[in-house]
Amino acid sequence: KLNLDDAMCALRFQFTALQGALVWDRIDRIARGLDDERTMDQRRADVAFDLLMGKETGAPQGEVKVLVTLPATTLMGMDQEPGMLAGYGPIPADVARDIAAGGTWKRILTDPVTGVAVDVGRTNYRPSAALADLVRARDVTCVAIGCRQPAHRCDLDHCDPFDGTNTVADDLGAKCRRHHVMKHHTRWKRTQLPGGIHIWTTPMGRTYVREPEPIADPAPPF
C-alpha cells in the first residue's frame, strides 16, 4: 500500500501473468459495461473496490477470458516454444499448454514468411465435452494399430486437416501422444470411415483396419 497526496493511496498486488490477465479482464469487462460520466480508469478502480468488498458491481460480469497463442507443435509437446499471452508477452510452453487444456481452441493460419495471421477457423477446433466423451467411449484406446493406451489419456486428433467444419465424431480419433506425432510427421497415413473405423497405411503401402471395440454386449439375434 502506497500513501498518496489528497487522501488517496495506491494498492499493488503481484500475480502470475495468467492470474493478472484474468483479474484485469474481469475488472475491465465489468467497467466497460457501465454507462456513466466516469473515465475508464475511474470505473476500473471502483469496480475493483466493489469486487474486493463483495459488493454488487452494477454491470453484468460476463465470462472471463484470456487469449494465448502457441504453435501446434508446442501444443502437442513436440517442442518448448513459448506461448504468447495477449497483453503480456511470452510465457513458458508448459504454462501455455496448461491454459490450452482448459480452454477453447481456434486454428489460426499465419503467413510463413511474416508470421502475420491470415485466417482464423470459423468454428472451434477443440471438441465439446460431450463430443470428446463420445469419441473416447467409442475408441476405448488409442486407434493406432496395436496400441492399448486408454483413450482418456489420449489426444483427440482430426483425421483430415481441420477446415472449420470437421470437428465431428467421424473425423476424430483418440491417439496417444506418440502416435499423434507419428501421424503428423512420418509417412504413415490414416483415413477414417463413419462409425470410428480407422484405416492405417504404412510407408510401404500396406493397410491395416482398426475397428471400434464394443463396450456393451450386442443385442441377441432374433
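Author: Start with Asp 25. Its relative accessible area is 17%, so Asp 25 counts as buried; the limit is under 20%. Keep in mind that this is a predicted model. Asp 25 has a charged partner, Arg 29. The two form a salt bridge, and their closest N and O atoms are 3.0 Å apart. Both residues sit in helix α1. They are four residues apart, about one turn of the helix. Arg 29 has a relative accessible area of 30%, so Arg 29 is partly exposed.

Now look at Asp 28. Helix α1 spans residues 17–32, and Asp 28 belongs to this helix. Is Asp 28 buried or exposed? Asp 28 is buried, because its relative accessible area is 12%. Next, find the partners of Asp 28. Its side chain makes a polar contact of 2.8 Å with the side chain of Arg 32. Another polar contact, also given as 2.8 Å, links the side chains of Asp 28 and Arg 44.

Take the Arg 32 partner in more detail. Arg 32 and Asp 28 form a salt bridge, with the closest N and O atoms 2.8 Å apart. Why does about one helical turn separate them? Arg 32 and Asp 28 are four residues apart in helix α1, so about one turn lies between them. The two ends of this bridge fall into opposite classes. Arg 32 counts as exposed because its relative accessibility is 53%, while Asp 28 is buried at 12%.

Then look beyond the neighbours in sequence. Once residues within four places are set aside, Asp 28 is in contact with Met 40 and Arg 44.

One more pair belongs here. Asp 36 and Arg 43 meet through their side chains in a salt bridge, at 3.4 Å from N to O. Asp 36 is partly exposed, because its relative accessible area is 28%. Arg 43 is buried, because its value is 12%. Some salt bridges also share partners, and these join Asp 28, Arg 32, Asp 41 and Arg 44 into one network. How many salt bridges does the count reach? The count comes to 11.

Now move to a nonpolar part. In soluble globular proteins, nonpolar side chains tend to be buried together. The largest nonpolar core here has 16 residues. Which of its members touch the most other members? They are Val 135 and Cys 142. Two elements, α5 (129–139) and β9 (172–175), each supply at least two residues of this core. Helix α5 gives the most, with three residues. Leaving out residues up to four places away in sequence, Val 135 touches Leu 156, Ala 169, Leu 172, Gly 173 and Ala 174.

Last, turn to a sheet. Strands of a sheet pair through backbone hydrogen bonds, either parallel or antiparallel. Here three strands form an open sheet, in the order β10-β11-β12, and the pairing is antiparallel. β10 and β12 stand at the edges, each with a single partner strand, so one side of each has no neighbour in the sheet. From one strand to the next, the twist averages 20°.

Walk across this sheet. Strand β10 covers residues 189–193, and five bridges join β10 to β11. Lys 189 stands opposite Thr 201 of β11. Thr 191 stands opposite Ile 199 of β11. The hairpin of β10 and β11 has three residues between its strands. In that turn, Gly 195 has a positive phi of about 90°.

Strand β12 covers residues 207–210, and four bridges join β11 to β12. Ile 199 stands opposite Val 209 of β12. This hairpin has five residues between its strands, and Gly 205 takes a positive phi near 95°.

Finish with the two faces of β11. In a regular strand the side chains alternate between the two faces of the sheet. Which residues of β11 lie on its covered face? His 198 and Trp 200 do. Ile 197, Ile 199 and Thr 201 make up the uncovered face.

How values were computed. Residues numbered from 1 in each chain as written. Predicted model: local features only at pLDDT ≥ 70, side-chain atom pairs only at ≥ 80, totals over all residues. Heavy atoms only, no water. Core = buried A, V, L, I, M, F, W, Y, C linked by side-chain atoms within 4.5 Å. Buried < 20%, exposed > 50% of the residue type's maximum accessible area, 1.4 Å probe, protein only. Contact = heavy atoms within 4.5 Å. Pairing = 2+ DSSP bridges. Polar contact = N/O pair within 3.5 Å; in protein donor to acceptor, adjacent residues only side chain to side chain. Axes fitted to C-alpha atoms, helices over the stretch in contact; angles between N-to-C directions. Salt bridge = Lys/Arg side-chain N within 4 Å of Asp/Glu carboxyl O.
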